[in-house]
Amino acid sequence: MLPEAIARQVIDDHARRPRHVGELPGVVGVSRDNPGCGDQLTVWADVQDGQIARLSFSGRGCAISQSAASLMTVALTGKTLAEARELASAYRGMVMGEAKSGSSLGDLQALAGVSKLHARRKCALLAWDALAEALGGASAQAGAGALS
Ligand SMILES: [Zn+2]
C-alpha cells in the first residue's frame, strides 16, 4: 500500500488534472451515476484486436470518483482485455478490502484507503462499472465473448 500522503497526492493530482478526458469519436460511451454522492461518469473504450487502444472518460462528482476514472484510463490504455480483466478484479478486491497484494496495481493503489470508507466505495468503482459494461459490448461486437 502507498503511504497515505503519497496516496492523497496521487488522488489530488488526478482530480485536478484528469487524464484522457473527452468523448472518443465513433465509440459508444457508457454512462453510470452514483446518486448517493452525485457522481456522474461516461466512459469510452476503443477496443482494437482485443486490446484497449484508447480509453477516455468525462464526468463530474467527488475527487475520488473523478481521480479513480482518470487513474483507470492511465492504467488500462494499451492493455489487452485479459490484462484489463485481471486489473479490474484486483482493483475491485482492493476497494472492497479483500486485496491480498496490490503490487501490480501501481498508482491505482492510491485508492486503497477507500476500502475503509464504505460510502465511498461506489465512488471508486463507478468508472470501472461503466468500463465493464463498455468492454462487454465491445467484446460482444468482436465475437470474443462477454467480459465477466
Ligand atoms: Zn463520490
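I'm working from a predicted model, where local features need pLDDT of at least 70, side-chain atom pairs count only at pLDDT 80 or more, and totals for chains, interfaces and linings use all residues. Residues are numbered from 1 along each chain as its sequence is written.

**Sheet.** I looked up the strand order and got S1-S2-S3, an open sheet with antiparallel pairing. Strands here are DSSP E runs of at least two residues, helices are H or I runs of at least four, and both are numbered from the N terminus. Two strands pair if DSSP finds at least two bridges between them. S1 (30-34) and S3 are the edge strands. I found nine bridges joining S2 and S3, and Leu41 has Gly59 in S3 as its bridge partner.

**H2.** This helix covers residues 63-76. Eleven of its 14 residues are buried, so the rest of the structure largely encloses H2. Buried means 20 or more other C-beta atoms, placed from the backbone, within 10 Å of the residue's own. Among the buried ones I noted Ile64, Met72 and Leu76. Just past H2, Gly78 has a positive phi of about 90°.

**Core.** Which residues touch the most other members of the largest nonpolar core? I got Val43, Ala45, Ala68, Leu111, Ala127 and Leu131, out of 40 residues. Such a core is a set of buried Ala, Val, Leu, Ile, Met, Phe, Trp, Tyr and Cys residues joined through C-beta atoms within 7 Å. H4 gives the largest share of this core, eleven residues.

Key: The expected span of a helix is 1.5 Å times one less than its number of residues. A residue is buried if 20 or more other C-beta atoms lie within 10 Å of its own, exposed if 12 or fewer, and partly exposed in between; C-beta atoms are placed from the backbone.
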